[in-house]
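Visitor: Could you walk me through how to read a few local features here? I would like the general idea and then the case at hand.

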Amino acid sequence: TLGLRQLPDCFSSLNSLRSLSLDLNSLTSLPPMKSLKSLSISRNHLNELPDMVPFSSLLSLDVSINDIT
């Protein structure tokens with residue numbers, strides 16, 4: 001899988017961002033994004049769920065098809 005390996009830290013300051021789809025990348029972690037309501041990070045390389053406190057507004061989360069055990 002090609003694509004993003006990590007997101008720039010500046011994503012943390014995107015206060016108007018409500019929905020984000022990062023499917024089909026090579027992400028292993030995420031910066032905190034407090035304004036997000038919906039996040040899809042399926043088909044990446046996450047091996048654990050991120051700390052959800054920085055995602056306190058999240059209503060929908062898709063982490064399917066990752067390396068989470």
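Guide: Gladly! Keep in mind that this is a predicted model. Let's begin with the surface, where Leu 49, Met 52, Leu 61 and Ile 68 form a nonpolar patch with about 300 Å² of accessible area together.

Visitor: Where does Ile 68 sit, and how exposed is Ile 68?

Guide: Ile 68 belongs to the segment after strand 3. Its relative accessible area is 33%, so Ile 68 counts as partly exposed; patch members need over 30%.

Visitor: Which loops hold Leu 24 and Arg 43?

Guide: Leu 24 lies between strand 1 (19-21) and strand 2 (38-40), while Arg 43 is in the loop between strand 2 and strand 3 (60-62).

Visitor: Why does Leu 24 count as exposed?

Guide: The cut-off for exposed is over 50%, and Leu 24 has 54% relative accessibility, so it counts as exposed. Arg 43 has 44%, so it is partly exposed.

Visitor: And Asn 25: buried or exposed?

Guide: Buried means under 20%; Asn 25 has a relative accessible area of 10%, so it is buried. Asn 25 also lies in the loop between strand 1 and strand 2.

Visitor: What does the side chain of Asn 25 reach?

Guide: That side chain reaches the backbone nitrogen of Leu 4, at 2.8 Å.

Technical notes: Residues numbered from 1 in each chain as written. Predicted model: local features only at pLDDT ≥ 70, side-chain atom pairs only at ≥ 80, totals over all residues. Heavy atoms only, no water. Helix = DSSP H or I, 4+ residues; strand = E, 2+ residues; numbered from the N terminus. Buried < 20%, exposed > 50% of the residue type's maximum accessible area, 1.4 Å probe, protein only. Patch = residues over 30% accessible without salt bridge, like charges linked within 9 Å, V, L, I, M, F, W, Y side chains within 5 Å. Areas by Shrake-Rupley, 256 points an atom, 1.4 Å probe, with all protein chains shown as cover. Salt bridge = Lys/Arg side-chain N within 4 Å of Asp/Glu carboxyl O. Polar contact = N/O pair within 3.5 Å; in protein donor to acceptor, adjacent residues only side chain to side chain.
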